[in-house]
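Let's walk through this structure together, beginning with the fold of one chain and ending where two chains meet.

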Amino acid sequence: MKKLYANLHPVWALALLVMRRQWRSGLWLLLAALLAAGIAGLRLAIQGDGTLAGMARIWLSYSIAWTSFLLSAATLAIAASSISLENAACRLQLVRVKPVAAAQIWIGNWLGLMLINAVLLGIAGAALGAGVWHFNRAHRQPASELAALRNTLLTAQISLPAIALSNQPASGPSGLTVNPGGVGRWRITLPDTVLEKRPGGLQFEFITARPDQTAAIPMVWTAGLSGKRRPLSFEVSAPPRKPSRLDLPADFLQPGCTIEITCANRHPDTTTALLFPHQNGVTVLAPAGGFAGNLLRAGLIIFARLSFLAALGMTAGAAFSFPVALLLAGAMPLLDGLNRFRYTAGQHWVRWAFQDDAASWIARTLDLAVAAASEIVRLLMPALGRFNPVDLLTGGRLIPWAAAGQAGIVLCFYAALLAGAGAWLLARRQLGMAEI
Amino acid sequence: MKSSRQHWWLIPLLFLLLAGAAFWRARVMQPRAARPQFQPPPEDMPPALIFTTVALGGFRGIMVDLLWMRAIHLQEEARVLELVQLSDWITALEPQFTTVWAFHAWNMAYNISIMFTDPEDRWRWVRHGIRLLRDRALFFNPRHPVLLRELGWLYQHKIGYVMDSAHRHYKIRLAEEMTALLGGAHPDYASLADSSTGERARSVYKLDPAGMAALDRDYGPLDWRLPATHALYWSHQGRLADTMQPGVRACYQMFFQCMDESFRHGRLQFNPAAGQYLATPALELLPRAIRAHEEAIQRFDLPVFHLAYANFLAEAAVVLYCYGELPRARELYATLIARYPNPQGDPEFEAFAESCLTGDLSETPREDAIALVDGFLAQSLLREARGDPAGAAETAGLARKIWHKFMQSRVSDDHRQRTGLPPLEEMERAARQRAAPASPADGGTAADGTPPRIL
């Protein structure tokens, strides 16, 4: 224990040193002011879709994006500069001559930065929570608007795929086909974690045999608890290839209940069959949590991302001098983001630019080079786009603890690898010489 | 290291380059301004927009691309809440790119609205499309015929036509808004310009009271609760532009189409409390509709305009026949065969009208079917008033026959809901309301300023 304390003592001391330095520089205040100004300014600047719930969701989405962007950029900049600038200003030598290991210096700086991030993220989270509370207290809004806000944003729902009944002759491996005049059937048993007396939803998505079909298809949906009551009925027209949603009332969904769902295809054209995919053809959106818990888990995911970015910046700073370190640290997340489009581009990254001469050796070589760089980035980076809680949070979907935990484990694993690399580089780095 | 004083020459060079750029800009702008398509940006552009476009410089294109990508991505996933905001930003970054305005307005009014099952949700998105064009696009591109035509199209087709299953809801909401604004079908044009109503019409709906009065004087009386009237207003603004500008021809075409529509549907009986929304022909608009066709043909002598005119004359003759206005119907038919004779020979008017009424009604537009049924109902009341009960019963029977035949040709519930006729009892009641002197007991808004009359 004493040994652990002895090892941790310089780490904490360095972390507090970093925090004190940032406090004195006024950076905390500047970032906190920018966060508050952005969150409040967005409330005034953005246009909603005309509904209270829509406005709240857009504001929340943009505010989280702004918070995430600002803290990420600041984290990268501070992390990339912390070691490299200390080295350039010959302050690092003062620490290195003390009995403090390079790993302790690296971790101390990283910890100090993450403590700053935790405080700023806490401030942003409080501002976001207060903003949503303010939306929820909008007394001048009609009750239906407030109810829509509570049902969509303030209730975290889980999406549960309904199972197409196997005795349907038209049920195939790709999904359930419902012919004109026919009826498709699904069944689902809700888990016990579903909250009672909260409204839910029935979401469906289908395709038709005709790709040019864009007009809405008339259909009748029913949803009923097996053998208990008259089913709910919805006569709707819904377009293909787009998710459509039907609202289920608060007294309908119960934990552990089994729901029977049917869909009657009322299209007059006898060739317009509807295909509901197994995976997302028909899903029940059941309430399983509240907004506060969702916001907390979203904050943890963002914090995990920041911890990785801090580690990236620190390691870059340990390897290179300031501007190079910042450029490298900034380029990696950017390339990681661009990597998401690698399959969209058909892996022909450069060839399209050559137009008439797409088969030239220059084009092919450049394509190979870019593809190789893309692959390297893919291996080095943890695909940060996977850990984005904004869509789930603003869409009123439950962010499970498992998702937050997964983000923490994956990103901390990458951060630990970077920590090892950073400490190794720092230990071997030639310290800067003071200019006289 | 060189002293910074050694780079003093960079400062005059900078000023020289700036002066050169200013001189060059004037030379570039001069030929552009001479082109008829060129619209100078408005003087009172919002400072935030000027700052954004200037500050972004060459990165404006990249920013627009990113916003487009996000908009398309969100729409593919049916996450459309943000699209109003994104459309606003994209169009603000490309304010004089009319295709972009038109696309986003159309996207919101057509593609996004049908993603919702609730008619009120759909109406909200249709309004977003209208507002984008009316309040923003036409601010940055005043009197641009393409944008005026697109705006008119949303009224003419999205609200006025029957493609959307919620079209009746849109029509009712528009009629409610206009009733709240103008107090009824026809405002008092003499006092409108100086009243608070006129100010609200100008500021909220961008309707110029003087323009409304002029349109009503030349082509009215028009009912502002009807979508066709709004389409007329906006397409008429486009007609006032230079003929050479793109979009003017389409504005002329839309204008005569909407005059045809006003003739077929220009008289509205609207009582939201009783759920009544019935638009029937306004026969008095026939000369104005003919004038709109003649003007379009005079300006653009196109075969398609002649064809549309011939079809309208034939259709109007049948409608007049149904309303019992035989002399006018025959006169119109004579005009038709004189101007556009059939090489195979034209039938007599009565034979032509009978063939139209006894043929297949499945392809007959809903508006025409309403006109036919309402015409015979009105004729029946006229005969009843003249003391001809047998004739009245005969024409009423014809109205019922057409109603049933048309409704039987609707193949599904959705088809019936979208394109079906109002209940026959409602149509009979509405015809009686029009025939009788209007009174508050009628419950409807038949007291629209027109004198009591049969028809």
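Among contacts in chain A between residues at least 6 apart in sequence, what percentage join residues at least 24 apart? The figure is 80%, where a contact means heavy atoms within 4.5 Å. Before going on, please note that this is a predicted model, in which local features need pLDDT of at least 70 and side-chain atom pairs count only at pLDDT 80 or more, while totals for chains, interfaces and linings use all residues. Residues are numbered from 1 along each chain as its sequence is written, chains are lettered from A and ligands numbered from 1 in the order in which they are written, and side-chain values use heavy atoms, with hydrogens and water left out.

Chain A holds 11 helices and 12 strands; these are DSSP runs numbered from the N terminus, helices being H or I with at least four residues and strands E with at least two. Of the 436 residues in chain A, 47% are buried, meaning under 20% relative accessible area with a 1.4 Å probe, protein chains only.

Now find the open sheet of 3 strands in chain A, with the order S3-S11-S6 and antiparallel pairing. Strands S3 (175-178) and S6 (207-208) of chain A each have a single partner strand, so they stand at the edges with one side lacking a neighbour in the sheet. Two strands count as paired if DSSP finds at least two bridges between them. S3(A) and S11(A) (residues 274-277) are joined by 4 bridges, and A:Val178 has A:Leu274 as its bridge partner in S11(A).

Let's turn to the meeting of the chains. Chain A brings 28 residues to the contact and chain B brings 26. About 2000 Å² is buried between them, with 56% given by carbon and sulfur atoms; buried area is the accessible area (1.4 Å probe) that two parts lose on being put together, summed over both. On the chain B side, B:Leu81, B:Gln85 and B:Thr117 lose the most area to chain A, together 27% of what that side buries.

There is 1 salt bridge between chain B and chain A, a term for a side-chain nitrogen of Lys or Arg within 4 Å of a carboxyl oxygen of Asp or Glu. A:Asp49 and B:Arg124 form a salt bridge, their closest N and O atoms lying 3.6 Å apart. Helices H3 (60-76), H4 (83-93), H6 (119-140) and H20 (413-419) of chain B each give two or more residues to the side touching chain A, and H4(B) supplies the largest share, 5 residues.

Conventions: Buried means under 20% relative accessible area, exposed over 50%, partly exposed in between (1.4 Å probe, protein chains only).
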